[in-house]
Amino acid sequence: FFPIVLVSTNKPVREESAEMIASLEIEGNAIGRLPVGEPAEEMYATTVLVCNILPKDTPRYLMGVGTPVNIVENIGLGVDMFDCVMPTRNARNGMLFTSEGFINIRNEKWKNDFSDLDSNGTSYVDSQYSKAYLRHLFTNNELLGKQIATLHNIRFYMWLMEESRKHLSIGDFTPWKNKMVKKLDIRL
């Protein structure tokens, strides 16, 4: 079990909580997420504050975060692990995260697009099904559409973490992250 740094926007309280948890010398530490809706800059500032206190040689787990951009930004700040409902919840509502940005598969523009879900995708569903077919499943409320989208998004998040790990190990994480942030924040 990882102890959780107190969720608070109060900097001295959060510092005190992080220092107390760091002193426990546990195998890993969790960082409680700020309330939903805070500006990303506030989340990043809090992550920097806490990661500067928590031990660097144990995993840091940021709870409830989220978007692909938030994930790569927080990795750059020292976070190792994440959890979030976003990839599956958004998939069930027709949002696909791709290597080129995100797609609302329900949009009319995908009706006759028979290209792969993600040309750079690493899941079998990425090349097995087209955008047009997935849109058809969603517009007809077929459960298979939600399943395909969920498989795609989960694999995309796994790919994002694998790529992050690769770029951290070869030493070019920051330039790669900056390029990815620009791409991942695009609505296709």
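**Helix packing and the parallel sheet**

Helix 6 (residues 131-139) has as its buried residues Lys131, Ala132, Leu134, Arg135, Leu137 and Phe138; buried means under 20% relative accessible area with a 1.4 Å probe, protein chains only. The model is predicted: local features need pLDDT of at least 70, side-chain atom pairs count only at pLDDT 80 or more, and totals for chains, interfaces and linings use all residues. Residues are numbered from 1 along each chain as its sequence is written, and side-chain values use heavy atoms, with hydrogens and water left out. Helices (H or I, at least four residues) and strands (E, at least two) are DSSP runs, numbered from the N terminus.

The buried residues of helix 6 pack against helix 4 (86-92), strand 5 (95-98), strand 6 (101-104) and helix 7. Asn141 follows helix 6 and has a positive phi, near 55°.

Helix 3 (residues 68-76) packs on helix 7 (residues 143-170) at about 25°, with the axes 11 Å apart. Helix 3 is therefore roughly parallel to helix 7 (angles under 35 degrees). Pro68, Ile71, Val72 and Ile75 of helix 3 meet Phe156, Tyr157, Leu160, Met161, Ser164 and Leu168 of helix 7; contact means heavy atoms within 4.5 Å. The residues of this contact comprise nine nonpolar, one polar and no charged.

Four strands form an open sheet in the order 1-2-3-4, with parallel pairing (at least two DSSP bridges between two strands). Strand 1 (4-5) and strand 4 (81-82) are at the edges, each with a single partner strand, so one side of each has no neighbour in the sheet. Strand 2 (residues 29-31) pairs with strand 3 (residues 60-62) in the parallel sense over three bridges. Asn29 has Arg60 as its bridge partner in strand 3.

Key
Axes are lines fitted to C-alpha atoms, for helices over the stretch in contact, and angles run from 0 to 180 degrees between N-to-C directions. Angles under 35 degrees count as roughly parallel, over 145 as roughly antiparallel, 65 to 115 as roughly perpendicular and the rest as oblique. Ala, Val, Leu, Ile, Met, Phe, Trp, Tyr, Cys and Pro count as nonpolar, Asp, Glu, Lys and Arg as charged, and the others, Gly among them, as polar. Buried means under 20% relative accessible area, exposed over 50%, partly exposed in between (1.4 Å probe, protein chains only).
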